[in-house]
Amino acid sequence: MGNREKDQIGSLMVRVLDQDLKEIDMIVVEEFVPCDTSHKDLAINTSTITSLLPSQASLFSHLLLSSPSYRYSVLNFWTSPPLPTLLTIHITNTTTLYMDYTGCEMAQSLLWEMIELEDALHWLSTLGGAFSNLGEHNPQFAVRAGTNAMKQLVVSLRCGDQTVVMKCWLFIGQSLTQQGQFCQAARVVRWVWRCCHQPPLALVSCTSKLLNMCRGVWARLRHERGRGKMSVRRLTGSGGGGEQ
């Protein structure tokens with residue numbers, strides 16, 4: 001800082017008062033003290049900051065003592081050389097709260113989206129159960145159950161719940177089993193089983209229910225595959241006996 005710049009900056013004293021007007025801190029900053037002693041009896045310039053939060057006052061004091069550039073800016077703004085300046089800061093705990101309308105609208109939009117998705121999952125789950133039950137006797141309903149499970153999968157992916165996603169894949173595996181597509185159904189069940197033993201699903205407490213569901217679909221798959229093989233053998237045997 002040049003001598004000309006120094007001559008334009010005076011000394012600063014900062015008083016910090018609490019809500020009861022009791023002095024709780026005093027900071028003296030002297031970047032320039034006039035050499036002319038005739039200024040000793042002159043009045044002091046006074047300035048007041050009416051209200052600062054404790055955190056704001058603490059930050060102001062820290063920067064004033066630790067940052068030369070910030071201290072120079074404060075002196076240049078508040079002081080009126082050649083007289084020293086007394087700056088009084090009043091601490092207040094009163095805060096003004098503002099409504100975050102933008103954040104509220106975002107939260108409301110997200111909340112309603114989750115509600116609608118949850119409602120859609122419940123409806124699709126009800127329809128899927130009905131289609132799957134009818135699919136035991138009609139392959140067309142088994143196909144519709146698989147289509148419904150795919151819709152559930154799309155909704156669950158938007159929700160981001162991996163547990164629901166795995167359930168939807170098991171519903172698809174169940175539909176494939178009912179349609180007689182045993183190889184595809186087996187691949188789906190094996191994939192879900194592997195996912196349940198890997199993070200993040202391996203760390204979730206409800207994963208045990210998914211594993212039980214995998215066992216149930218797998219047992220049904222083996223049963224239906226066994227029935228299919230037995231039917232083929234019977235047809236082959238009866239056909240062979242006719243030729244004899």
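1. Start with the contact between H2 and H3. From H2, the residues taking part are Phe60, Leu63, Leu64, Leu65 and Ser66, and they meet Pro68, Tyr70, Arg71 and Val74 of H3. Contact here means heavy atoms within 4.5 Å. By class, this contact has seven nonpolar residues, one polar and one charged. Ala, Val, Leu, Ile, Met, Phe, Trp, Tyr, Cys and Pro count as nonpolar, Asp, Glu, Lys and Arg as charged, and the others, Gly among them, as polar. H2 covers residues 54-66 and H3 covers residues 68-78; their axes come within 6 Å and cross at roughly 105 degrees. That makes the two helices, H2 and H3, roughly perpendicular. The axes are lines fitted to C-alpha atoms, for helices over the stretch in contact, with angles running from 0 to 180 degrees between N-to-C directions. Under 35 degrees counts as roughly parallel, over 145 as roughly antiparallel, 65 to 115 as roughly perpendicular, and the rest as oblique.

2. A word on what we're looking at. This is a predicted model, where local features need pLDDT of at least 70 and side-chain atom pairs count only at pLDDT 80 or more, while totals for chains, interfaces and linings use all residues. Residues are numbered from 1 along each chain as its sequence is written, and side-chain values use heavy atoms, with hydrogens and water left out.

3. Now the overall layout. The protein has eight helices and four strands, in the sequence order α-β-β-β-α-α-β-α-α-α-α-α. Helices (H or I, at least four residues) and strands (E, at least two) are DSSP runs, numbered from the N terminus. Of the 244 residues, 30% are buried; buried means under 20% relative accessible area, exposed over 50%, and partly exposed in between (1.4 Å probe, protein chains only). Looking at contacts between residues at least 6 apart in sequence, 67% join residues at least 24 apart.

4. On to H4 (residues 101-134) and H5 (residues 139-159). Their axes come within 9 Å and cross at roughly 160 degrees, so H4 and H5 are roughly antiparallel to each other. The crossing of H4 and H5 is left-handed, that is, the near helix is turned anticlockwise from the far one by less than a right angle (clockwise would be right-handed). The residues of this H4 and H5 contact divide into twelve nonpolar, six polar and four charged. Among them are Leu117, Leu121 and Phe131 in H4, and Phe141, Asn148 and Val155 in H5.

5. H5 also packs on H6. The axes of H5 and H6 come within 8 Å and cross at roughly 165 degrees, so H5 and H6 are roughly antiparallel as well. H5 passes H6 in a left-handed crossing. The contact includes Ala142, Gly146 and Leu153 of H5 and Val165, Trp169 and Ile172 of H6. By class, the contact of H5 with H6 has 13 nonpolar residues, five polar and no charged.

6. Two H6 residues are worth a look. Gly173 lies in H6 and is buried, at 0% relative accessibility. Beyond its neighbours within four places in sequence, Gly173 is in contact with Ala185, Val188 and Val217. Gly173 and Val192 are 19 residues apart in sequence and 9.8 Å apart in space, C-alpha to C-alpha. Thr177 is also found in H6 (residues 162-178) and is buried, with a relative accessible area of 2%. Not counting residues up to four places away in sequence, Thr177 touches Phe182, Ala185, Arg220, Leu221 and Glu224.

7. Next, Ser51 in strand S3 (residues 45-52). Ser51 is partly exposed, with a relative accessible area of 42%. Leaving aside neighbours within four places in sequence, Ser51 is in contact with His90 and Thr92. Ser51 and Thr88 are 37 residues apart in sequence but 9.9 Å apart in space, C-alpha to C-alpha.

8. Finally, two backbone spots to check by eye. Most residues other than glycine have a negative phi, and most peptide bonds are trans. Leu21 has a positive phi, near 65 degrees; Leu21 lies in the loop between S1 (12-17) and S2 (23-29) and is exposed, with a relative accessible area of 57%. The peptide bond from Pro199 to Pro200 is cis, with omega near 5 degrees, and Pro200 lies in the loop between H7 (182-196) and H8 (207-243).
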